[in-house]
Amino acid sequence: MMAEDPNRWEGVYQSKKETETSWFEERPQVSLDLIAATGATSDAAIVDVGAGASRLVDCLLEQGFHRITALDLSDTGLAKARARLPNDAPVEWVVANVLDWQPSGPFDVWHDRAAFHFLTNAADQEAYLRVMDRALVPGGHAIIGTFAPDGPERCSGLPVARYDAALLAERLGPGYRLIKSLLHDHHTPWNSVQRFHFGLFRKA
């Protein structure tokens, strides 16, 4: 999860167990299916933006991926994920704000579940998309999961921008082609339902 105030997310991760956050998934199957749909091989460079304590990293390692970057504002969130994994796991852990992040190298897959939607003003959205565009190789894929138009209006007390396929495609612009769009009902640990939209895009 991502917003502009790292202290907010540090507080969330310090005060809650991983399984007490609304975004917790035992296995992030939608994300894994969309990464598989890119055709990425185990040599692909993958970045998970707003990774926090997500189990996506664990699942990608199980699948043999070995060029993984996990990026989040919260050192505590990343530390929770790191603590589950062997010390020599091939993951680069990056504590940074994606809006001014300087990627260490090009990526084949950009994955973001529920970070982009915290950016509610155009300047921040454009800054994010500039970083994404610099980071992705031509022909690379972007997977962006946000709350859907009928999803929550807020998360963790913050307003969010909600998207469907058309809105997201328009925001990314003509350099990205929508390959796949899907709606997903995420069940929180306390059994409320959050409607997500996921878009898989291919960079020209």
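Helix α4 (residues 75-84) lies across strands β2 (68-72) and β3, running at about 160° to β3. Here, helices (H or I, at least four residues) and strands (E, at least two) are DSSP runs numbered from the N terminus, and lying across rests on contact, meaning heavy atoms within 4.5 Å. Axes are lines fitted to C-alpha atoms, for helices over the stretch in contact, and angles run from 0 to 180 degrees between N-to-C directions.

A word on the model before we go on. It is predicted, so local features need pLDDT of at least 70 and side-chain atom pairs count only at pLDDT 80 or more, while totals for chains, interfaces and linings use all residues. Residues are numbered from 1 along each chain as its sequence is written, and side-chain values use heavy atoms, with hydrogens and water left out.

**The sheet**

Seven strands make up an open sheet with mixed pairing, in the order β3-β2-β1-β4-β5-β9-β8. Because β3 (91-95) and β8 (176-187) stand at the edges with a single partner strand each, one side of each has no neighbour in the sheet. On average, neighbouring strands are turned by 15° against each other, direction ignored. Two strands count as paired if DSSP finds at least two bridges between them.

| Strands | Sense | Bridges | Opposite residues |
|---|---|---|---|
| β1 and β4 | parallel | four bridges | Val49 and Asp112 |
| β8 and β9 | antiparallel | 11 bridges | Leu183 and His197 |

Strand β9 is mostly covered, with eight of its 11 residues buried. Buried means under 20% relative accessible area, exposed over 50%, and partly exposed in between (1.4 Å probe, protein chains only). The hairpin of β8 and β9 has five residues between the strands, and in it Asn191 takes a positive phi near 65°.

**Helices against the sheet**

Helix α6 (residues 165-172) lies across β5 (136-147), β8 and β9 (193-203), at about 40° to β9. In helix α2 (residues 29-37), the buried residues are Val30, Ser31, Leu32, Leu34 and Ile35. What covers them includes β1, α3 (56-62), β4, β5, β8 and β9. Just after α2 comes Gly39, which takes a positive phi of about 80°.

**Aromatic pairs**

How many aromatic pairs does a search of the whole structure find? The search finds seven. Rings of Phe, Tyr and Trp (its six-membered ring) pair if their centres lie within 6.5 Å; planes under 30 degrees apart count as stacked, over 60 as edge-to-face and the rest as tilted.

Phe116 and Tyr128 have ring centres 4.8 Å apart and planes at 50°, so this pair is tilted. Phe116 sits in the loop between β4 and α5 (122-135) and Tyr128 in helix α5, so the pair ties together parts 12 residues apart in sequence. Both residues are buried.

Phe147 and Phe196 form an edge-to-face pair, at 5.0 Å centre to centre with 65° between the planes. This pair links distant parts of the chain, with Phe147 in strand β5 and Phe196 in strand β9, 49 residues apart. Phe147 and Phe196 are buried too.

Phe196 also has Arg113 over its face, at 5.1 Å from the ring centre. A charge sits over a ring if NZ of Lys or CZ of Arg is within 6 Å of the ring centre and within 35 degrees of the ring normal. Finally, Trp101, Phe107, Trp110, Phe116, Tyr128 and Tyr163 form one aromatic cluster.
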